[in-house]
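Colleague: I have a few minutes before the meeting, and I would like to go through this model with you. Could you put it on the screen?

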Amino acid sequence: MPIGGSSPLVRPGAPGRAGGPDTTRQAGHRAAGAHSRRAARSERFAPYILVAPAVLIILGLRLYPLLLGVNFSFTGDGDQNGAVVGLDNYLELADDPLFRTALGNVGLLVLLLPVAVAIPGLLATFIYLRVPGHRVFRSVYFFPAVLSPVIVGSIFNLMLAFDGPLNTVLGVVGIGPVDWLGDPGVTMFTVVGVHVWATFGMALVVFLAGFSTLDPSLLDAAQMDGASLARTIWHVVIPSLSRTIAFVLVTTMIGMLTSMFGLLYVMTSGGPEGSTYLPEYYIWIQQGQMNRPALASAASTVLFLIMLVVGLAQVGLLRRAGRQD
């Protein structure tokens with residue numbers, strides 16, 4: 001019987017009663033569930049928070065100026081400064097033989113791209129396979145990459161002059177002098193060759209990093225089968241480094257389109273007869289010397305579209321290489 005009219009005593013361990021272990025356990029489960037949901041929500045938003053500063057910088061310093069440049073390309077220069085002219089600037093680019101030459105040289109760069117990638121790829125293969133002379137390659141391959149384009153261009157201007165040391169050597173062996181920097185049919189190949197020499201060190205580093213993922217047992221099997229160096233490269237190295245090769249192809253092409261201004265300015269200044277113009281050099285001429293910023297903006301937009309195509313090609317190559325792996 002309850003004493004003094006008080007409520008019946010509730011035993012602490014009675015199931016289903018307030019304060020019992022089941023209630024405590026349910027409260028603990030609810031707290032743990034809420035905590036896990038908060039943790040999952042934080043993990044879901046953490047990547048966006050981390051990349052937000054970089055995205056804001058890109059939007060503010062890259063995308064917004066790009067949109068302004070595209071908008072400016074539809075306005076006029078000179079007396080029509082600021083007036084909307086529609087596609088007049090783009091039509092003028094299409095009629096400009098110098099700009100057509102610049103686009104033609106972009107096509108030439110595409111044709112020369114496999115050579116520009118094969119050179120550092122072969123050197124990296126020689127270093128990895130320890131062929132004779134690999135120590136020399138390992139010690140000097142990165143030296144050109146530390147030189148500025150101005151220094152590289154000045155050095156090769158002296159070496160490739162019509163009365164320079166290279167033509168002197170060619171004259172001794174009976175080949176005769178070559179006008180490396182004055183012949184419109186030769187000069188662009190000369191500048192591209194100098195650019196490849198000056199920049200292949202970075203691509204070679206990427207290839208050497210790619211070789212760290214190569215299965216050594218494949219090379220051992222090829223050696224045991226008596227495969228020659230050429231067959232080993234073709235049937236083992238190239239398939240194994242397909243993703244690395246795709247990456248170097250695209251980055252090398254981007255470098256050719258955006259990093260040759262210094263060499264062109266020092267070695268040829270766009271000559272002879274405008275044969276070494278590239279879009280970036282044409283843009284600088286229109287903006288810096290001709291004072292035609294709207295036309296330069298139109299040319300920049302065309303160059304951006306070219307780079308966009310290259311970027312899409314990069315994605316396609318990397319995806320295809322990933323599926324092959």
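This is a predicted model: local features need pLDDT of at least 70, side-chain atom pairs count only at pLDDT 80 or more; totals for chains, interfaces and linings use all residues.

Colleague: Fine. How many helices and strands are there in the protein chain?

Modeller: The protein chain has 13 helices and zero strands, so that, read from the N terminus on, the elements run α-α-α-α-α-α-α-α-α-α-α-α-α.

Colleague: And what share of the residues is buried?

Modeller: Of the 325 residues in the protein chain, 34% are buried. As for contacts, if one takes those with a separation of 6 or more, 66% of them are between residues 24 or more positions apart.

Colleague: Let's turn to packing. At what angle do α3 and α10 cross?

Modeller: Helix α3, residues 97-129, and helix α10, residues 242-258, have axes that come within 10 Å and cross at roughly 135 degrees. The two helices are therefore oblique to each other, and α3 passes α10 in a right-handed crossing.

Colleague: Which residues in α3 and α10 meet there?

Modeller: On the α3 side they are Val106, Leu109, Val110, Leu113, Ala116 and Val117, and these meet Val248, Leu249, Thr252, Met253, Met256 and Leu257 in α10. By class, that contact of α3 with α10 has 11 nonpolar residues, one polar residue and no charged ones.

Colleague: What about α7 against α10, parallel or antiparallel?

Modeller: The axes of α7, residues 187-211, and α10 also come within 10 Å, and they cross at roughly 150 degrees. That angle makes α7 roughly antiparallel to α10, and here α7 passes α10 in a right-handed crossing.

Colleague: Who makes the contact on each side of α7 and α10?

Modeller: From α7 the contact is made by Val192, His195, Val196, Ala203, Val206, Phe207 and Gly210, and from α10 by Thr244, Ile245, Phe247, Val248, Gly255 and Met256. Sorted by class, the contact of α7 with α10 has nine nonpolar, four polar and no charged residues.

Colleague: Changing topic, how many aromatic pairs does the structure hold?

Modeller: The structure holds 11 aromatic pairs. One of them is formed by Phe74 and Tyr90, a tilted pair with 5.5 Å centre to centre and 45 degrees between the planes. That pair links distant parts of the chain, with Phe74 in the loop between α1 (21-72) and α2 (88-95) and Tyr90 in helix α2, 16 residues apart. Phe74 is partly exposed, with a relative accessible area of 28%.

Colleague: And how are the rings of Phe261 and Tyr265 arranged, stacked or tilted?

Modeller: Their centres are 6.0 Å apart and their planes are at 20 degrees, so the pair Phe261 and Tyr265 is stacked. Phe261 and Tyr265 are four residues apart in helix α11, residues 261-267, and are separated by about one helical turn. Phe261 counts as partly exposed at 25% relative accessibility, and Tyr265 likewise counts as partly exposed at 42%.

Colleague: Which residues do ring pairs link into a cluster?

Modeller: The cluster is made of Phe99, Phe261, Tyr265, Tyr277, Tyr281, Tyr282 and Trp284, linked by ring pairs.

Key
Residues are numbered from 1 along each chain as its sequence is written. Side-chain values use heavy atoms; hydrogens and water are left out. Axes are lines fitted to C-alpha atoms, for helices over the stretch in contact, and angles run from 0 to 180 degrees between N-to-C directions. Angles under 35 degrees count as roughly parallel, over 145 as roughly antiparallel, 65 to 115 as roughly perpendicular and the rest as oblique. A crossing is left-handed if the near helix is turned anticlockwise from the far one by less than a right angle, and right-handed if clockwise. Contact means heavy atoms within 4.5 Å. Ala, Val, Leu, Ile, Met, Phe, Trp, Tyr, Cys and Pro count as nonpolar, Asp, Glu, Lys and Arg as charged, and the others, Gly among them, as polar. Rings of Phe, Tyr and Trp (its six-membered ring) pair if their centres lie within 6.5 Å; planes under 30 degrees apart count as stacked, over 60 as edge-to-face and the rest as tilted. Buried means under 20% relative accessible area, exposed over 50%, partly exposed in between (1.4 Å probe, protein chains only).
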